[in-house]
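Please look over the model below.

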Amino acid sequence: MIRKQYQKVMAWAYDPFMKSLEKVLIRYRTQLLQQASGTVLEVGAGTGVNFDLYPKNVKVIAIEPSEPMYKKALKRAASFPNIEVYNMGIEQVKSHKDLPDTFDFIASMLVLCTVQNDKQVADMYYDLLKDTGKLLVLEHIHSSGTFYGKLQTLVNPVWKPIADGCNLTRRQDFVLKEAGFLPENEKYFHIGTDWYYAIMKKQ
């Protein structure tokens with residue numbers, strides 16, 4: 001019960017909390033999502049912030065495990081006939097009878113910081129992506145080797161439960177490359193913390 005109430009608060013607060021940051025991130029989201037074609041799996045759709053950034057001829061399967069977030073995304077998706085939203089985690093995709101076995105694109109944006117096992121999820125991305133498919137990545141990463149990175153390590157045990165599992169000390173760029181992904185285009189940039197932007201393919 002407490003967990004459900006907390007998720008409701010997070011769903012209510014997420015968009016206002018992220019408003020200033022999203023004014024910057026939208027440029028990166030747009031650049032990535034405009035690359036998409038065919039059928040896209042969007043992992044961790046949240047409140048549906050990406051929905052109006054996709055090309056109109058792309059079919060999007062958006063998954064979100066938090067029920068309150070899912071409900072907000074579902075309401076937003078009503079304006080987009082090319083987008084279907086499911087209340088599930090990525091581990092359920094393969095076994096879902098109505099979903100494809102593989103996808104042309106996978107969008108992972110602010111997801112790998114919150115999943116329980118980022119290495120396992122990276123392997124699932126690899127399995128769910130077609131051999132010719134592309135992974136679209138926008139993730140904040142640990143500012144390794146800096147004073148700020150040390151501060152992230154210090155505050156992470158407190159931040160993580162407050163921010164619904166958001167982990168400040170992960171290097172998603174390393175994890176995805178170790179899973180077998182090769183960047184076709186990648187950028188590192190700084191907004192408060194370090195960020196990683198990439199279009200990746202399977203090796």
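The largest nonpolar core has 30 residues, and those touching the most other members are Val40, Phe51, Tyr54, Val85 and Leu138. A nonpolar core is a set of buried Ala, Val, Leu, Ile, Met, Phe, Trp, Tyr and Cys residues joined through side-chain atoms within 4.5 Å. Buried means under 20% relative accessible area, exposed over 50%, and partly exposed in between (1.4 Å probe, protein chains only). This is a predicted model, in which local features need pLDDT of at least 70 and side-chain atom pairs count only at pLDDT 80 or more, while totals for chains, interfaces and linings use all residues. Residues are numbered from 1 along each chain as its sequence is written, and side-chain values use heavy atoms, leaving out hydrogens and water.

- A second, separate core has 29 residues, among them Ile61, Ile90, Phe103 and Phe181.
- Beyond four places in sequence, Val40 is in contact (heavy atoms within 4.5 Å) with Tyr54, Val58, Lys59, Val60, Ile61, Phe103, Phe105 and Ala107.

**Strand E2 and its partners**

- In strand E2 (residues 59-63), 4 of the 5 residues are buried.
- E2 pairs with strand E1 (residues 39-43) in the parallel sense over 5 bridges; two strands pair if DSSP finds at least two bridges between them.
- Val40 has Val60 in E2 as its bridge partner.
- E2 and strand E3 (residues 83-86) run parallel and are joined by 4 bridges, with Ala62 opposite Val85 in E3.
- From E2 the chain crosses through helix H2 (residues 67-77) to E3, a right-handed β-α-β crossover; right-handed means that, with the strands pointing away from the viewer, the path from the first strand over the helix to the second runs clockwise.

**Cysteines**

- The structure holds 0 disulfides, a disulfide being a pair of cysteine sulfur atoms within 2.5 Å.
- Cys113 counts as buried because its relative accessibility is 3%, and Cys166 is buried at 9%.

**Lys202**

- Lys202 is placed in strand E7 (residues 193-202) and counts as buried at 15% relative accessibility.
- A polar atom of the Lys202 side chain lies 2.9 Å from the backbone oxygen of Tyr126.
- The side chains of Lys202 and Asp131 make a polar contact at 3.4 Å; a polar contact is a pair of N or O atoms within 3.5 Å, where within protein one must be able to donate a hydrogen and the other to accept it, and residues adjacent in sequence count only if both atoms are side-chain atoms.
- Not counting residues up to four places away in sequence, Lys202 touches residues including Leu129, Gly133, Gly180 and Phe181.

**Loop residues**

- His142 lies in the loop between strand E5 (129-141) and helix H4 (147-162), and is buried, with a relative accessible area of 13%.
- Contacts of His142 beyond four places in sequence include Gln152, Leu168, Arg170 and Asp194.
- Val115 sits in the loop between strand E4 (103-109) and helix H3 (118-128), and is in contact with Val121 and Arg170, leaving aside neighbours within four places in sequence.

Conventions: Helix = DSSP H or I, 4+ residues; strand = E, 2+ residues; numbered from the N terminus.
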